[in-house]
Amino acid sequence: MNEISPSEILKNNVWHNNPVFVQILGICSTLAVTNNLTNTFIMTVALIFVAALTNVTVSLLKSLIPRKVRMIVQTLIIAFYVIIVDILLRAYMPEVSKSLGPYVGLIITNCIIMGRAEAFAQANGPLLSFWDGVTSGLGYMWVLMIIASIRELLGFGTLFGIPVLPEFFTRWTIMVMAPSAFFLLGTFLWIVKSIMLKKGAAK
Amino acid sequence: MTPDINPFILLFASIFTSNILLANFLGMCSFISISKDIKSSNGLGMAVTVVLTLTAVINWAILNYLLIPMNLLYLRYIVFIIVIAATVQILEMVIDRVSPGLYMSLGIFLPLITVNCAILGVALFIEIRNYNLIQTLFYSFGSGLGWWLAIMALAAIQKKLQKSPVPAGLEGPGITLITIGFMAMAFVGFSGMLNVQ
């Protein structure tokens with residue numbers, strides 16, 4: 001088996017095979033929190049934490065898990081780490097935990113984590129798997145942070161809760177409602193795909 | 001502290017004003033990948049509605065009669081996901097035995113439901129909002145119907161889209177997401193009628 005270099009994994013997960021705009025994975029729960037940069041940041045950090053540690057665990061246990069029950073075992077491993085995140089958030093950031101509501105628990109069903117565990121950690125060593133988890137989380141993070149900053153800036157006139165836009169700016173209420181998340185992600189996909197197509201044509 | 005909401009209002013709200021998919025973004029993954037075909041969308045919508053209602057009620061019972069009395073609330077994520085996986089597995093076997101025709105048409109969709117965030121999401125919403133049994137029943141059933149309605153509507157729109165010229169960069173998931181955005185806007189229009197948290 002030929003090993004992939006860490007820099008290649010980084011490039012793949014952040015751009016060429018980005019979990020959000022190439023694989024369209026895991027957009028479910030986190031789209032809901034992108035109307036606020038702080039929440040998005042904490043959610044994506046939590047996702048990176050869970051993805052990396054799940055990958056390590058799956059990679060270490062891969063020879064011990066019978067193939068037939070591996071899905072449920074993987075789900076349990078993910079759930080274990082999500083519980084840790086949930087307890088930490090409750091203890092140290094009770095307000096954020098409250099405003100995120102059920103979405104922390106929904107990291108369990110985020111397809112990126114299960115997808116990476118299944119596609120990468122099953123076949124690779126723990127160190128590389130850890131790196132893969134971190135980078136796919138980063139690939140997820142930068143896309144969502146962009147969407148969140150547009151939504152928060154235009155919707156509330158703030159970034160990370162700090163007022164940025166002048167007082168006379170009319171807030172676009174639509175930006176903090178559900179439809180704008182779809183529009184922005186759709187537009188984002190459009191831009192990225194056009195860039196990719198152009199690059200492909202240039203080659 | 002069960003909120004005082006009429007179950008029928010809850011049913012209406014969960015279908016339209018706070019549609020689980022268009023307002024809460026749950027169940028997007030399978031929604032985007034399956035919605036190209038009306039028949040599959042119908043099968044998946046039906047399966048989601050059944051599993052959602054069943055697991056929500058089971059999870060509600062476990063939460064209120066087992067986890068809360070025994071002070072094991074922190075275990076709820078694991079318990080919920082096990083209940084969902086087990087229900088899907090049992091349902092798969094039962095349908096296979098009772099109606100092979102339905103099994104053939106649902107077959108591939110049932111395992112997908114385990115990782116559908118809408119199922120777990122509804123269970124968690126019910127926990128946070130302290131619904132009682134009747135409210136749980138109406139809310140989960142309504143959420144399932146709402147999801148089914150949304151995926152059928154999107155599948156129908158997608159059918160038209162296949163014949164329309166779309167910019168190359170926007171093809172595929174891009175245009176699907178923008179379409180969902182328009183649908184979400186239409187559903188937001190209902191929200192002036194009633195607001196249920």
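View 1. The model is predicted, so local features need pLDDT of at least 70 and side-chain atom pairs count only at pLDDT 80 or more, while totals for chains, interfaces and linings use all residues. Residues are numbered from 1 along each chain as its sequence is written, chains are lettered from A in the order in which they are written, and side-chain values use heavy atoms, with hydrogens and water left out. Together with Phe80(A), Phe49(A) and Tyr81(A) form one aromatic cluster (rings of Phe, Tyr and Trp, the last by its six-membered ring, pair if their centres lie within 6.5 Å; planes under 30 degrees apart count as stacked, over 60 as edge-to-face and the rest as tilted).

View 2. Among the buried residues are Cys111(A), Met114(A), Arg116(A) and Phe120(A). Their cover includes helices H1, H3, H4 and H7 of chain A together with H2 of chain B. At the start of H6(A), a side-chain oxygen of Asn110(A) reaches to within 3.0 Å of the backbone nitrogen of Ile112(A).

**View 3. The interface of chain B and chain A.** The contact, defined as heavy atoms within 4.5 Å, takes 40 residues from chain B and 39 residues from chain A. The two chains bury about 3200 Å² between them, 84% of it on carbon and sulfur atoms (buried area is the accessible area, with a 1.4 Å probe, that two parts lose on being put together, summed over both). In chain B, Phe25(B), Tyr77(B) and Leu177(B) lose the most area to chain A, together 22% of what that side buries.

**View 4. The salt bridge between the chains.** The count between chain B and chain A is one salt bridge, in which the side chains of Arg76(B) and Asp86(A) meet at 3.8 Å, N to O (the rule asks for a side-chain nitrogen of Lys or Arg within 4 Å of a carboxyl oxygen of Asp or Glu).

Notes:
Buried < 20%, exposed > 50% of the residue type's maximum accessible area, 1.4 Å probe, protein only. Helix = DSSP H or I, 4+ residues; strand = E, 2+ residues; numbered from the N terminus. Polar contact = N/O pair within 3.5 Å; in protein donor to acceptor, adjacent residues only side chain to side chain.
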